[in-house]
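This report goes through a structure one part at a time. Keep the sequence and the 3D view open while reading.

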Amino acid sequence: MNYEVSLDQFEGPLDLLLHLIKESNINIYEIKIEEITKQYLDYIKKLEELNLTIASEYLLMAAELIEMKSKLLLPKKENNEEEEENDRDILINRLIEYQKYKEITKDFKDMESKRNMIYTKSPSKIETDIKIDNANKGDINLLIEAFQKYLERKKEEKPLNTTITKKELSVHERCVKIKDILKTKKVVNFEELFDTLNIPYVVVTFLSILELVKQNEVDIKQGNNFDNITISLRGE
Amino acid sequence: MKNKAVLEGLLFVVGDDGLKLSQVMDILNLNMDEAKELITELRKDYENKNRGITINFLGDTFKLTTKKEHKDFYSKLLQNEESNILSQAALETLAIIAYNEPITRVEIDELRGVSTGYVVRKLIARGLIKESGKSNTLPGKPTLYKTTSDFLDYFGLSSLSELPKIEETDENNESIDLFLSNRIEQKNNDDDLEILD
């Protein structure tokens, strides 16, 4: 079979199906799922061979058709026959419903071109005149002054230049800081190191202490449970 | 007759916004019959070959328009005239909305078998359809869409009742030939001023 291979001329999978049905001269009410599925898939395959991207809607329809077809292939149970008929009826109804609107667009096109034969114009602007008070004739300086005032006001309106900086604190930095503190103070309370209460700071500080312990740079002592923990540089 | 002159001026001023019959009645202090009479008279004056404009009834309003027999002359003013007509997708979507309004986008998608989000947005931008509240019956209360008076004007209609008749498909139709023969005859409606008759 010879296909005109282009999807652009179709408005969607329903449009393509209608085209295929018309091509093969079948009555819409007598379509066979098996045949139409084959034709549809052949068409889609041809497009794939040409490396055309196929809109997902077309693939969805392909999947639906395959599902219908595979149901036909299954051994028949008693109720199955009815279901098959339903699938087919639903598809036929969708096609007919779609065809109804597709057909009517011809009328819309006619109406559109007929309406395009005549022109109207935009509404006129009706505005009340603004009365200008000429009694108080100002000189140019007043205007300049006013403008300068306006510019100053504008300046005020401008948002202050604020930049939001997020200070990143690294464990390494904090380690150096803690060692500095220990060098001057010799011994500090564990809690003293948490002088700022924000979460990243607390976490980094805690990690730094662990790091310093790991590297054997500090000693941590606690006399009893719940006593103060003290930290000092190792070997001092 | 002064009223006729004022009416002509009014129609000129409102342009493509158009003038409702009720506005003509209010402004000129006329009853409905008098207002219709006045419009008909003015329209008759315009029928004169020496006049370049006429009155059309579009989107439920009266509008001054040029005459279609002069179209060729106006075309010479235009550079790319055809660029502005609606695409097939837009026409299908509009037809579906017009015959089913108010309707949700998903329902349009279902009827067309493709996603129409983009087309719907473009139609809204062109003022041919608008949102019309939310559906109370469907889950998630999706937005409903309907056509505007600009839609009617665009297709030269005065109201939705002038849409070409679309046959309800009869489920018992056994033959496609029958279906095709049921197809709407194209409506020949050259006289847009039916309301005046």
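## Two crossing helices in chain B

In this predicted model, helix H5 (residues 88-100) and helix H7 (residues 117-125) of chain B have axes that come within 10 Å and cross at roughly 80°. Angles of 65 to 115 degrees count as roughly perpendicular, so H5(B) and H7(B) are roughly perpendicular to each other.

Which residues make the contact between H5(B) and H7(B)? From H5(B) they are B:Ala89, B:Ala90, B:Thr93 and B:Leu94. H7(B) contributes B:Val119, B:Val120, B:Lys122 and B:Leu123. Sorted by class, the residues of this contact are six nonpolar, one polar and one charged.

## The sheet of chain B

Chain B has an open sheet of three strands in the order E3-E5-E4, with antiparallel pairing. Strand E3 (103-104) and strand E4 (129-134) of chain B are the edge strands, and each of them pairs on one side only.

E3(B) is joined by two bridges to strand E5 (residues 143-147) of chain B, and these two strands run antiparallel. B:Ile103 has B:Tyr145 in E5(B) as its bridge partner.

How many bridges join E2(A) to strand E3 (residues 229-233) of chain A? There are five, and the two strands run antiparallel. One pair to look for is A:Gln222 with its bridge partner in E3(A), A:Ile229.

## Where the chains meet

Between the two chains, 35 residues of chain A are in contact with 41 residues of chain B. On the side of chain A that touches chain B, helix H1 (13-23), helix H3 (56-73) and helix H4 (80-115) of chain A each supply at least two residues. H4(A) gives the most to this side, with 17 residues. By class, this side of chain A has 16 nonpolar, six polar and 13 charged residues.

Buried residues in H1(A) are A:Pro13, A:Leu14, A:Asp15, A:Leu16, A:Leu17 and A:Ile21. Just after H1(A), A:Asn25 takes a positive phi of about 55°.

## Confidence in the model

The model has an ipTM of 0.71 and a pTM of 0.60. The average pLDDT of chain B is 81, and 81% of the residues score at least 70.

Where in chain B is the pLDDT below 50? The stretch is residues 169-197, and beyond near neighbours in sequence this stretch has 38 contacts in the model.

Methods
Residues numbered from 1 in each chain as written. Chains lettered and ligands numbered in written order. Predicted model: local features only at pLDDT ≥ 70, side-chain atom pairs only at ≥ 80, totals over all residues. Contact = placed C-beta atoms within 7 Å. Helix = DSSP H or I, 4+ residues; strand = E, 2+ residues; numbered from the N terminus. Nonpolar A, V, L, I, M, F, W, Y, C, P; charged D, E, K, R; others polar. Axes fitted to C-alpha atoms, helices over the stretch in contact; angles between N-to-C directions. Parallel < 35°, antiparallel > 145°, perpendicular 65-115°, else oblique. pLDDT = per-residue confidence, 0-100. Buried ≥ 20, exposed ≤ 12 C-beta atoms within 10 Å, placed from the backbone. Pairing = 2+ DSSP bridges.
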